[in-house]
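Hi,

Here is the structure I promised to pass on.

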Amino acid sequence: ERRWYQETLYRESINGVDKYILVLSDRTREGMNSARLEQALAIARSSNEAKSLFLANMSHDIRTPINAIVGMARIAQESGEASEKVESCLHTIKLSSQHLLNLINDVLEMSRIESGQMSLQEERCTLDAIVEGVEAIIRPQAQARGQKMRIDCSRPSHREYTGDELRISQILLNLLSNAVKYTQEGGAIVLDVRELGQASPSYAKIKFTVSDNGMGMPEEFVERIFEPFERSRQASSSKIQGTGLGMSITKALVDAMGGTIEVDSKEGVGSVFCVTLDLRIAVAGEAE
């Protein structure tokens, strides 16, 4: 039988005479428990990898027919040959398919993050291009709900940086789309971009603030807002659609970039999300 022991030797001086104390302790039970835990951890990791791979493959397989449904519905609408009833059905098909596609994209993104497959791309980008791209998507949504949207990107002294433009845009889109969803019709949404100073000679600290005067969140929910699949009771009672993964993905992206995200919200008053990122300042004439 294999057993585990631990030996500890002490040296003590007693009345000028060196004494040695040898302690021999049986650690067999601890060793066996440790081996069981390592085996359980290996099984859990294997199961998690299998789950992530399954989700990635299934998400891709499901997205292909959904894209076809969205495309065919759009072609049928644009043909002008559909009756009023069929037109209404096509509109519902397109909206439902687009919502399902968004849900699948969230699940796929989360599985990619959990499996460690998410990577960041360093490329030359400008704040103006990022903000303009985000505004082009969000402003029509805000206008459809009669909301006022204000964007201020005039304060940063540097305009060009090196970073992952797609991921920064994704962070802002998640925050702004939530602001639109959780703000009542006729409400107000603000995106403020400012430079807090330089973290070093080559890096600037950029702060993105998204605020609204919507329904806000209770304090107990704010503490767990970044946990996967968490949704506030207001969202459920108001039948606002979503997976509860948007803020988890946002937090993971901010963490991957070495940034911070802070939340300040009060129920019935509104919410403020602040994302701070250290972006490398692009040097004039530097290669792409």
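**What turned up**

Leu22 lies in strand β2 (residues 17-26); strands here are DSSP runs of E, at least two residues, numbered from the N terminus. Before going on: this is a predicted model, where local features need pLDDT of at least 70 and side-chain atom pairs count only at pLDDT 80 or more, while totals for chains, interfaces and linings use all residues. Residues are numbered from 1 along each chain as its sequence is written, and side-chain values use heavy atoms, leaving out hydrogens and water.

Leu22 is exposed at 57% relative accessible area (buried is under 20%, exposed over 50%, partly exposed in between, with a 1.4 Å probe and protein chains only).

Strand β2 also holds Asp26, which pairs with Arg3 in the segment before β1 (5-14), 23 residues apart. Glu1 is exposed at 85%, whereas Arg3 is partly exposed at 35% and Asp26 is partly exposed at 41%. The total comes to ten salt bridges.

Over in strand β9 (residues 270-281) sits Thr276, buried at 15%. Beyond its neighbours within four places in sequence, Thr276 has contacts including Leu196, Ile206 and Gly259 (contact means heavy atoms within 4.5 Å).

Cheers

Conventions: Helix = DSSP H or I, 4+ residues; strand = E, 2+ residues; numbered from the N terminus. Salt bridge = Lys/Arg side-chain N within 4 Å of Asp/Glu carboxyl O.
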